[in-house]
Structures are given as structure tokens and as C-alpha cells.
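Have a look at it first, then try each task before reading its solution.

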Amino acid sequence: MSYDVDVVVAGGGPVGLMLACELRLGGASVVVLERLTEMDPTIKAGSLNTPSVEALYRRGMMPELQEAQEGNLQQFAAFMRQRSPGGEPAKAPPRFAGHFAGIMLSADLLDPSDPELTGHGPADLIGMVTQQQLEAILADRAEKLGVEVRRGVELTGLEADADRVTVTTSGQEIRGRWLVGCDGGRSTVRKLAGFDFPGTEPEIDAHQAMVEMEGSEALGTGWHATATGVYAHGPVPGRVLTVEFGGVPTDRDGAITAEELQASIRNVSGTEVVVTGVKTATRFTDNARQATTYRLGRVLLAGDAAHVHSPFGGQGLNLGIGDAANLGWKLAATVLGWAPEGLLDTYTAERHPIGAWVLDWTRAQIALMRPDPRARALREVVTDLTRTVTGTTYFAKKISGVWQRYDLHGDHPLVGAGAPDLELADGTRLADHLHEGRALLLDPSGRLRALAGGYGDRIKVITTAVLDESGPAGLLVRPDGFVAWAADTADTAGADPGSLEAALSTWLGAPAVATPA
């Protein structure tokens, strides 16, 4: 059977590019098909959560993220100066804590002793990065890795059998061993492949835009619930968001005019702002749907192609990046032939529950945004909860994604969680050793490295000591940065190699070379 490429990725947004980069790191050939000729400038997601930043950090992209955030913080400072009397210098913005249904969370109320809020290293300091900035960072990385990205090419058909997928575009066919649809909420791949996509119908008409307007001083800063809906103003000059409950939009694709935005802002805010120009704008609803499986034969889904929902809480982009990080190494291992049986099926098993949670999380926020008396009474109750340390910590952990973990059947509390970014005695951090996309065995005692010896370049072994005396004595980290095995003491690690051997075979398959007895 002949192929043109190992994997065809439909969609060249952040999720498709992230997946393509992960596939190339894993040794698979990949082509990305993107129908747009250049990056979509429409305003979209404005922040990254902790698991997303960690995934990018583990691949060496922290400098680019820091640069992007710095520019955004400068814009935020300009917005705050604009809102301050006399243009006085604004105070430094607090560490991002997020919001729930537009109810702002104060970082001052976070519980610093909560273990899920610690151990993230530099990733904990990044969040204010936009979708377009991330896409540019990933496009540059994809180019450096040798990913072929074909722009202006739209997938129009596909045929799949037990051995390959043939993709039809305008003017050509491409034969791939696998196809992944990262082509958004209206995914052509999902529809042509026949994935079930159940969910709940929308009830809101919402807009997000960057505009020029007069009278903006009458708008409050941040999020506001009113008698007719909810609106947000900021955190950069000209950025507005409105949520109305008068019915869903009849035309999702038509041009968004200054008059339409002005009417929406006035209706929700009760002000007489005048929109004089539209830089970028989008409509959205709370349509919430999820594919029942993320794989049908040789066709898989990731990102919005697999799940759609309202953007509240900034979950959509982050959910997709998590999909790509989880799927990339598993599909590459399958392509290269070393994947253990069932590895690819763990993609749906691990990511589908998190996607289902996100849909419910966004549905709950819509319920609190409704302008009816019952919803507003409940909103007051939730607002009271967010004014407590326990309440704020709960919501912030959910929004930031630090609660996310996979059921990897281990007794140690680290198993299934993202690997802590441990400081090592040689001046490096754990994330520094994950840039190549390989599994990692941390073995400060040197007693375990022989067990990994037969896996060759599938795994990297480091024997550097951990600076934190309470840190683990042994740690097996999957290529996506999640802990597959851990031990607290060198004696435990040395006395119980069987659990490590089981974890190695579960995630890395059979060793290429027999391990010495």
C-alpha cells in the first residue's frame, strides 16, 4: 500500500499546527491543509490556561510566550491609563485569576497552600496570550520542524478504508495513513466521516469585537450583568463583548456592521455609545456539542471539530491544545510501529471526559448570565462564594485547568497529573528535558536506568538530583508531560521495579532491545 504522507491534518489553526508539530517531533510525516490563504484576524480567544502553557513550555516555546504577553500587558496598562482620571499611571495588573460567568475572581483570595496551584514553574506566570499570537508562534515552529502547510487548500471529500484515507481537495488527491480533522466547529471532516455530534441548542446572541467608539467612558471596566444581559469592556482599548438572550442570530456569516454592534452594546449596557469603526468582530452562540468518539477507524478529531461550546472561561482554545498534545505522540508512535496495543484509543478515553466537563462548565455560566430573577438570585449566591478563599480557589483551579488529570491506574498522587516542573541540581528544570518530545525517566539514584535501556530514543533518562528534598525519587513522564509512574524514595524505586516496567510497556510498548536480566 502506497502513501503520500503519514498523517493529513485538516485545519491550520493553533490546534492543527500544534498537532503537526507534535507529529513531526515523533517522526511522522505530515501535511496540513488550510482553506484560508492567511491567518484569520478575527478576534478570538485572549488567554491560555496552565496546561496549555505547560505543553508549550515543555517544547521550548516559553520565550515567545513571554514576549507576546509582555506586549499584551502594555496594551492593558494603556487601557487602564485611559480609564484613570487624568491619565494617571495604572497600577500593575494582578496575576490573572479569571472569571466565572463574568464574576471576576480576585487573585488575592487564592489559597497559596493548595498543592494544585504549585509546581508549575515559569508556566504559572503566563496566560495573557491571544489565539492569533499563539498561531503565529506555532506556524514559525512548524516551519522550523519541516511541516508542510498548504494554504488556500480546502478538503472537499474523503474515503477511508482499513489501510489509508484518501483526501480530495480542489484539483488533487492526497493519500495518508491517517487523517485528523482540526477544521473547526463546522468541521467538514467530522461530517464526511459520519461522527455523531449530539448536544444542546443555543439560546444567546453574543458579539465580541475590537471597535472605535465615542462615549466609552460611560461603560464600566470588566464584566457587568445588567437587566438585559451581560457585557464586558477591556482589557485592551476598544474590546467589547455582549451577551443577549432575545434569540439566536439568524445569520452567523454575514458582515458585522458598526450599527449592529452599537445596538447590541446600547441594549445590554444602557449607554449611548457611538461605534465609529469596526476593526474585527465575531458573532457566537452557546451551541454545545461533542462527538461521541474522537476516532472512527483512521479518522480522528481534535479541537472544535470534536467539541463546540460558548467561549466563556476561555476553555475552547485550551481544550484543543490539550487534545493535540495528547494525540500527537500517540499517533506518531502508531505510525512508527512501536505503539503498544490500544494506545491510540486512550486519546478518546482521556480527552473526552475533559471535553464533556468543559461543555457543562460553559452551560453553567450561561445559566448564571440569564437576566431572569431566578438566575440573578443564583448569581448573587455564586458571587458570595467567589468572595471567599475556598470559593475563589475552587473556581480559579477549574478555570486555570490545574485540576486536569488522567486516570492512569497508579497509586502515587502524581500519577495522571502533569509533571511538576522540578528544579534540578545542574540548574535545569524538568521541562527543559522534554523539548524533544520523548518520554522522560527521572532517576536520581541511577538504579532504574537499566529498565529503560531497551527503549532507545523513545525515552530520555536523567540522573540529576532534585533540589527539593520532598521531590520524587523516581518519575516516568510520558511525551505529553503527564506522569505515568512515580516513587517517593530511592528504596521504593529500587525495590519495586515491576510497576515501572508495567508503566514503560503500557506507554512505550515492547523494548526494541531486550533489557538485561
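**Exercise 1.** Is Ala101 buried or exposed?

*Solution.* Keep in mind that you're looking at a predicted model. Start by finding the residue: Ala101 sits in the loop between strand S3 (99-100) and strand S4 (103-104). Next, check its relative accessible area, which is 0%. Buried means under 20%, so Ala101 is buried. While you're there, look at the backbone too: phi of Ala101 is near 55°, a positive value in a residue other than glycine.

**Exercise 2.** Work out whether His409 is buried or exposed.

*Solution.* First, locate His409 in the loop between helix H10 (389-400) and strand S19 (439-442). Its phi is positive, about 60°, although His409 is not a glycine. Now for the surface: the relative accessible area of His409 is 72%. The cut-off for exposed is over 50%, so His409 is exposed. As background, most residues other than glycine have a negative phi.

**Exercise 3.** Find out which peptide bond is cis in the loop that holds Pro235.

*Solution.* Go to the loop between strand S12 (229-233) and strand S13 (239-244), where you'll find Pro235. Then check omega for the bond from Gly234 to Pro235: it's near 10°, and the bond is cis.

**Exercise 4.** Describe how helix H7 and helix H8 are arranged, and what sort of residues meet between them.

*Solution.* Take the geometry first. H7 (residues 316-336) and H8 (residues 345-369) pack at an angle of about 175°, and their axes are 10 Å apart. Angles over 145 degrees count as roughly antiparallel, so H7 is roughly antiparallel to H8. Now list some partners: the H7 side includes Leu319, Asp323 and Lys330, while the H8 side includes Tyr347, Arg351 and Ile354. Finally, sort the residues of this contact by type, and you get 5 nonpolar, 4 polar and 4 charged.

**Exercise 5.** How many residues does the largest nonpolar core have, and which have the most contacts inside it?

*Solution.* The count is 67 residues, and the ones with the most contacts inside this core are Val7, Leu23, Leu179, Val180 and Leu331. Then ask who contributes: H7 supplies the largest share of this core, 8 residues. Zoom in on Leu179. Leaving aside neighbours within four places in sequence, its contacts include Val8, Leu155, Val189 and Leu300, and also Arg298.

Terms used:
Residues are numbered from 1 along each chain as its sequence is written. This is a predicted model: local features need pLDDT of at least 70, side-chain atom pairs count only at pLDDT 80 or more; totals for chains, interfaces and linings use all residues. Side-chain values use heavy atoms; hydrogens and water are left out. Axes are lines fitted to C-alpha atoms, for helices over the stretch in contact, and angles run from 0 to 180 degrees between N-to-C directions. Helices (H or I, at least four residues) and strands (E, at least two) are DSSP runs, numbered from the N terminus. Angles under 35 degrees count as roughly parallel, over 145 as roughly antiparallel, 65 to 115 as roughly perpendicular and the rest as oblique. Contact means heavy atoms within 4.5 Å. Ala, Val, Leu, Ile, Met, Phe, Trp, Tyr, Cys and Pro count as nonpolar, Asp, Glu, Lys and Arg as charged, and the others, Gly among them, as polar. A nonpolar core is a set of buried Ala, Val, Leu, Ile, Met, Phe, Trp, Tyr and Cys residues joined through side-chain atoms within 4.5 Å. Buried means under 20% relative accessible area, exposed over 50%, partly exposed in between (1.4 Å probe, protein chains only).
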